[in-house]
Amino acid sequence: MIPVMDKSEADPVLVDAVTRIFSELCTPDVINRAEEGEPQGQLWSKLCETAVPWAWVPEDSGGAGLSVVDCGPVLRLAGKYAVPAPVCETLIAGWLLARAGCDVPMTSLTVAPVIRTGTLSLTRDGRLDGEVYRVPYAAGVEQIIVIVPCDNDCAIVSVPGAEVQLSHRTNLAGEPLNDIRFDNLAVTIISRCDHPGLAEALHRVGALVRSFQMAGALERILDMTVDYALEREQFGRPIARFQAIQHNVAVLAEEAAAALCAADNGLLHWARFGIDDMHTEFAIAAAKVRCGEAAARGAKIAHQIHGAIGYAREYHLHQFTRRLWSWTDDFGSVPEWASLLGHLVCREGSKALWPTITAM
């Protein structure tokens with residue numbers, strides 16, 4: 001049986017440094033201005049000094065060379081502070097390039113495809129056609145790293161963000177979320193990989209990263225909800241003293257804890273078995289489903305307890321609940337991952353179900 005990760009296992013120096021940067025530069029006002037399109041150059045510069053966006057890139061390639069498990073707290077903190085910068089997207093892209101044995105540019109990155117729709121084709125002379133959808137931060141990064149399926153392998157190409165045709169849209173949280181059209185665009189082929197499962201591996205890593213971000217955002221709205229319930233008075237006493245409020249706060253705490261445990265479990269399976277293993281796929285699917293369910297229930301409870309003030313722009317609860325609703329659908333929705341879980345269970349047979357669950 002794999003134990004749940006103890007947060008103390010992470011490098012406390014790294015966690016303290018990241019926490020300090022996020023707490024200083026990810027204030028509610030900064031997040032609101034980022035949603036209005038204001039660049040976050042200072043935040044990105046500070047993160048680059050720590051090499052956190054390239055944490056999964058080996059040191060000899062210019063990255064931080066951190067282990068898979070080391071990054072769990074960083075991902076959680078990115079959600080807890082609603083970081084308005086492509087730190088998680090760059091982290092995923094860096095992992096992808098490092099896994100394929102490619103050089104990793106020390107700049108802002110994102111990856112595509114994020115959802116399993118769209119068609120891509122690559123000519124022998126390096127021209128890309130097709131569409132990808134819901135690519136996070138495509139409108140705000142230097143390079144977009146794209147996996148293009150070929151006959152028996154896949155190609156990894158790099159596309160300058162400024163050269164693509166994209167829809168200027170955002171998710172519910174105001175973060176860039178763009179559909180991209182490649183129209184016979186000349187691209188740089190970074191690598192051709194005899195690894196037909198690379199796109200699926202990317203999908204799992206992205207889903208796990210979003211699971212940690214959702215767990216962090218749930219932790220934040222729990223803290224905010226507890227503080228509000230202790231401060232807000234009704235009928236001459238704090239609403240935290242009402243049994244119905246206490247019950248709902250307890251449920252919110254359960255959801256936040258369950259989300260973090262599920263994300264931790266997925267990360268530990270990745271560290272132990274590798275990203276391509278069936279056990280890891282099962283654990284990550286379970287994490288995305290559980291975190292998505294926790295996000296829906298937790299956001300609802302937080303807004304119920306806060307009342308109308310939770311929807312006010314001046315009050316920052318919405319900065320986290322809108323991200324929870326948005327991240328739930330990134331790298332596969334809850335129904336998609338739940339369906340995959342069902343297929344995995346059916347494939348292994350009924351006798352394998354209980355041993356698989358108890359081994360989690």
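Me: Is Cys88 buried or exposed?
Reply: Cys88 is buried, at a relative accessible area of 3%. Bear in mind that this is a predicted model.

Me: And Cys154, buried or exposed?
Reply: Cys154 is buried, because its relative accessibility is 4% and the cut-off for buried is under 20%.

Me: How many disulfides are there?
Reply: The count is zero. Cys88 is in no disulfide. Its nearest cysteine sulfur belongs to Cys71, and that is 9.6 Å away. A disulfide needs the two sulfurs within 2.5 Å.

Me: OK, on to the core. Which residues touch the most other members of the largest nonpolar core?
Reply: Phe22, Leu43, Trp56, Val83 and Leu96. That core has 98 residues.

Me: Which helix gives the most to this core?
Reply: Helix H6, residues 198–231, with 17 residues. Another core lies apart from the largest one. This other core has 21 residues, among them Val132, Val135, Val141 and Ala155.

Me: Back to Trp56. What does it touch, leaving out residues up to four places away in sequence?
Reply: Its contacts include Leu66, Cys71, Leu91, Trp95, Val205, Val209 and Trp270.

Me: Now the surface. Which residues make the nonpolar patch of about 310 Å²?
Reply: Leu353, Trp354 and Ile357. Leu353 sits in helix H11, residues 350–358.

Technical notes:
Residues numbered from 1 in each chain as written. Predicted model: local features only at pLDDT ≥ 70, side-chain atom pairs only at ≥ 80, totals over all residues. Heavy atoms only, no water. Patch = residues over 30% accessible without salt bridge, like charges linked within 9 Å, V, L, I, M, F, W, Y side chains within 5 Å. Areas by Shrake-Rupley, 256 points an atom, 1.4 Å probe, with all protein chains shown as cover. Salt bridge = Lys/Arg side-chain N within 4 Å of Asp/Glu carboxyl O. Helix = DSSP H or I, 4+ residues; strand = E, 2+ residues; numbered from the N terminus. Core = buried A, V, L, I, M, F, W, Y, C linked by side-chain atoms within 4.5 Å. Buried < 20%, exposed > 50% of the residue type's maximum accessible area, 1.4 Å probe, protein only. Contact = heavy atoms within 4.5 Å.
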